[in-house]
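Please find below a short note for a colleague who is new to this structure. The points are numbered so that each may be checked in turn.

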Amino acid sequence: MLPGARVFAVADGMGGHAAGDVASRLATEMLRRAFARAPSSRIRSAALARRLIEAIDAANRAILEHAAQHRECTGMGTTLTVLAPLAAADQCVIAHVGDSRAYRVREGELRQLTCDHTWVQQQVDAGMLTPAEARHHPLSSVLSRVLGTPEMGPADTIVADVRPGDRFLLCSDGLTTMLDDDTLRAILREELPLDQCARTLVDAANRNGGIDNITVLLLAAAA
Ligand code: CA
């Protein structure tokens with residue numbers, strides 16, 4: 001990962017006309033501001049998680065305020081999935097709201113670290129749908145939590161350990177609705193250079209239909 005980098009984020013905006021872009025830009029801008037001052041190098045994962053939750057909450061309020069003041073932005077929203085490495089480099093904290101995912105790839109094994117905030121995922125958790133049914137459900141893109149709503153609630157946070165050579169993928173649902181985990185794993189385990197790997201993922205998703213915008217952010221822990 002980039003030395004000194006504080007946060008990495010994917011935001012997938014939604015809303016008519018350009019409003020989705022406004023929401024996702026506001027979210028990343030608020031995050032950038034919240035981390036303009038680097039956390040102490042001694043910060044622990046719990047404190048970093050709290051800082052991420054606060055930053056995402058502030059981003060949510062900024063989006064709601066902007067929407068209230070600009071009629072063309074009514075109803076805009078965005079997902080936000082953030083990865084913040086700890087200075088000790090053997091852990092990172094991931095915070096998210098929405099259905100943009102974070103995965104870790106370690107020695108060819110792919111692990112989804114986030115749990116989608118979608119209606120179908122709630123049905124899966126409740127035993128009402130299988131993951132396969134959820135994937136092809138007509139309501140699969142309906143979000144249960146998203147920035148831009150007063151009832152968003154605190155972001156989910158996950159502390160993940162980081163080993164040399166691990167790769168982390170942050171991506172919008174435009175990637176994961178087009179590529180299943182087997183395909184993702186097959187591409188990621190080739191261990192191509194990061195930019196080439198990201199390009200291969202986007203190309204594969206586009207070949208499978210590419211019906212939604214695709215955002216891919218790939219990070220590698222120094223080997
Ligand atoms: Ca999307």
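1. Helices α1 and α2 are oblique to each other, a class for angles that are not under 35 degrees (roughly parallel), over 145 (roughly antiparallel) or 65 to 115 (roughly perpendicular). Their axes cross at roughly 140° and come within 9 Å; axes are lines fitted to C-alpha atoms, for helices over the stretch in contact, and angles run from 0 to 180 degrees between N-to-C directions. Helix α1 covers residues 19–34, and helix α2 covers residues 45–69. Helices are DSSP runs of H or I with at least four residues, strands are runs of E with at least two, and both are numbered from the N terminus.

2. The model is predicted: local features need pLDDT of at least 70, side-chain atom pairs count only at pLDDT 80 or more, and totals for chains, interfaces and linings use all residues. Residues are numbered from 1 along each chain as its sequence is written, and side-chain values use heavy atoms, with hydrogens and water left out.

3. On the α1 side the meeting residues are Val22, Ala23, Leu26, Ala27, Met30, Leu31 and Ala34. Their partners in α2 are Arg51, Ala55, Ala58, Ala59, Ala62, Ile63 and His66. Contact here means heavy atoms within 4.5 Å.

4. Ala59 belongs to helix α2 and is buried, with a relative accessible area of 0%. The term buried stands for under 20% relative accessible area, exposed for over 50%, and partly exposed for values in between (1.4 Å probe, protein chains only). Apart from neighbours within four places in sequence, Ala59 is in contact with Ala27, Met30 and Leu147. By contrast, Arg33 in helix α1 is exposed, at 55% relative accessible area.

5. Which residues coordinate the calcium ion? They are Asp12, Asp173 and Asp212, each through OD, at 2.3 to 2.4 Å. Donors are N, O and S atoms within 2.8 Å of the metal (3.2 Å for Na, K and Ca), and sites may look incomplete because water is not among the atoms. Along the chain the donors follow the spacing D-x160-D-x38-D. Asp12 lies in the loop between β1 (8–10) and β2 (13–14) and Asp173 in helix α5 (residues 173–176), so the pair ties together parts that are 161 residues apart in sequence. Both Asp12 and Asp173 are buried.

6. Helix α6 (residues 181–188) packs against helix α7 (residues 194–207) at an angle of about 150°, with the axes 10 Å apart. That angle makes α6 roughly antiparallel to α7. The crossing is right-handed. Leu184, Ile187 and Leu188 in α6 meet Cys197, Thr200, Leu201 and Ala204 in α7.

7. Leu218 is placed in strand β10 (residues 216–220) and is buried, with a relative accessible area of 10%. Not counting residues up to four places away in sequence, Leu218 touches Phe168, Leu169, Leu188, Leu194, Cys197, Ala198 and Leu201. The C-alpha atoms of Leu218 and Gly108 are separated by 15 Å, and these residues are 110 residues apart along the chain.

8. Glu107 has a phi near 50°, a positive value in a residue other than glycine; Glu107 lies in the loop between β6 (101–106) and β7 (109–112) and is exposed, at 73% relative accessible area. Glu191 has a phi near 55°, again positive in a residue other than glycine. The position of Glu191 is in the loop between α6 and α7, and at 47% relative accessibility Glu191 counts as partly exposed.

9. How many disulfides are there? The count is 0, where a disulfide is a pair of cysteine sulfur atoms within 2.5 Å. Cys92 is in no disulfide, the nearest cysteine sulfur being that of Cys171, 15 Å away; Cys92 is buried at 0% relative accessibility. The sulfur of Cys115 is 14 Å from the closest cysteine sulfur, in Cys171, too far for a bond. Cys115 is partly exposed, with a relative accessible area of 38%.

How values were computed:
A crossing is left-handed if the near helix is turned anticlockwise from the far one by less than a right angle, and right-handed if clockwise.
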